Amino acid sequence: MRKLPVYLLLDVSGSMSGEPIEAVKNGVQMLHSALRRDPQALEMAYLSVITFCSEVNQIVPLTEVASFMPPNFVAGGGTCLDAALSMVVDCAQREVKKSTPEVKGDYKPLVFIMTDGLPTDVLSLGLDKFKKYHWGQVVACAAGDYADESVLRQISETVVKLATADQNSIAAFFKWVSASIQTSSRRVDAVGGDDELPPPPPEIVLIQ
């Protein structure tokens with residue numbers, strides 16, 4: 001079975017303390033529960049969680065949905081987004097099976113990035129590595145007024161905006177992410193494509 005890798009890059013910097021980080025924790029749990037109830041996603045989707053603050057950690061390696069354990073999150077420190085982009089490439093190169101002339105590899109990975117502020121490192125080498133990798137969908141989410149969507153446009157053509165980084169908005173984002181993974185699971189199995197996302201809910205503004 002070819003797996004559909006999904007990488008969640010989540011900002012856990014100090015500005016995410018309190019309600020936002022609890023909302024992220026609840027959102028990942030909700031996402032996992034939704035995928036467990038979807039037979040197609042349960043069979044195909046594999047999840048990884050990478051957090052970034054003053055350091056970057058892959059706190060959950062790429063894991064099948066049935067075995068995935070939603071992690072705990074602790075907020076603090078800066079926002080090393082460029083380092084996070086570098087790490088997700090390293091993880092994908094290690095964890096995603098490539099196609100060969102004899103055997104088809106895994107589907108192109110999906111990446112969902114959420115941040116509530118500006119990077120404290122410079123988008124440079126990590127961004128360059130990220131842009132060279134062959135991803136499927138890449139979605140970058142600017143949560144709240146202090147996240148600059150123009151920065152995220154350097155990473156992805158699909159940038160969404162949350163008006164606030166509160167419980168309701170972050171919950172809506174993760175609900176949309178789970179729907180996007182479910183849609184991709186059905187599409188890659190049916191036609192081998194992963195180029196469509198479901199329409200976002202009202203809480204999420206798609207930046208053109």
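Begin by selecting tyrosine 133: setting aside neighbours within four places in sequence, this residue is in contact with Val89, Ala92, Gln93, Val96 and Pro109. The model on screen is a predicted one. Tyrosine 133 belongs to the loop between α4 and β5 (138–143). With a relative accessible area of 17%, tyrosine 133 is buried, as the limit for that class is under 20%. To see how the chain returns to this site, display the C-alpha atoms of tyrosine 133 and valine 89: the two residues are 44 apart along the chain, and these atoms are separated by 7.0 Å.

**Helix α3**

Next, select residues 81–95, which form helix α3.

**From α3 to α4**

Aspartate 90 is in helix α3 and lysine 129 in helix α4, so the bridge ties together parts that are 39 residues apart in sequence. Aspartate 90 is partly exposed, with a relative accessible area of 34%. Lysine 129 is likewise classed as partly exposed, at 30% relative accessibility.

**The cavity**

The structure holds one cavity of 30 Å³ or more, and the volume of the largest cavity is about 30 Å³. Its lining consists of five nonpolar, two polar and one charged residues.

**From β6 to α5**

Which residue forms a salt bridge with lysine 161? Select glutamate 149: the closest N and O atoms of this pair are 3.6 Å apart. Lysine 161 lies in strand β6 (residues 158–162) and glutamate 149 in helix α5, so the pair links parts that are twelve residues apart in sequence. The two partners fall into separate classes of accessibility: lysine 161 is buried at 14%, whereas glutamate 149 is partly exposed at 22%.

Move to glycine 78, in the loop between β3 and α3. Glycine 78 counts as buried, at 17% relative accessibility. Show its surroundings: leaving aside neighbours within four places in sequence, glycine 78 is in contact with Ser13, Phe52, Cys53, Ser54 and Thr120. A C-alpha distance to display here is the one from glycine 78 to serine 15, which is 8.5 Å for residues 63 apart in sequence.

Select α1 (19–36). This helix has 18 residues and reaches 26 Å from its first C-alpha to its last, close to the 26 Å expected at 1.5 Å a residue. Its buried residues are Pro20, Ile21, Ala23, Val24, Gly27, Val28, Leu31, His32, Ala34 and Leu35.

Continue to aspartate 38, whose side chain meets that of arginine 186 in a salt bridge (3.3 Å, N to O). Aspartate 38 is in the loop between α1 and α2 (39–44) and arginine 186 is in helix α6 (residues 167–190), so this pair ties together parts that are 148 residues apart in sequence. Aspartate 38 is buried at 10% relative accessibility, while arginine 186 is partly exposed, with a relative accessible area of 44%. A search of the whole structure finds four salt bridges, among them the one between aspartate 38 and arginine 186.

**Helix α6**

For the last stop, remain on α6 and select serine 180, which lies in this helix. Is serine 180 buried or exposed? Serine 180 is buried, at 0% relative accessibility. Apart from neighbours within four places in sequence, serine 180 is in contact with Phe112, Leu197 and Pro198.

Note on methods. Residues numbered from 1 in each chain as written. Predicted model: local features only at pLDDT ≥ 70, side-chain atom pairs only at ≥ 80, totals over all residues. Heavy atoms only, no water. 1 Å grid on protein atoms, 1.4 Å probe; cavity = no way out; pocket = protein on both sides within 12 Å on 5 of 7 lines; lining within 4 Å. Points joined across faces, edges and corners; volume = space filled by probe spheres on them. Nonpolar A, V, L, I, M, F, W, Y, C, P; charged D, E, K, R; others polar. Helix = DSSP H or I, 4+ residues; strand = E, 2+ residues; numbered from the N terminus. Expected span 1.5 Å × (residues − 1). Buried < 20%, exposed > 50% of the residue type's maximum accessible area, 1.4 Å probe, protein only. Contact = heavy atoms within 4.5 Å.
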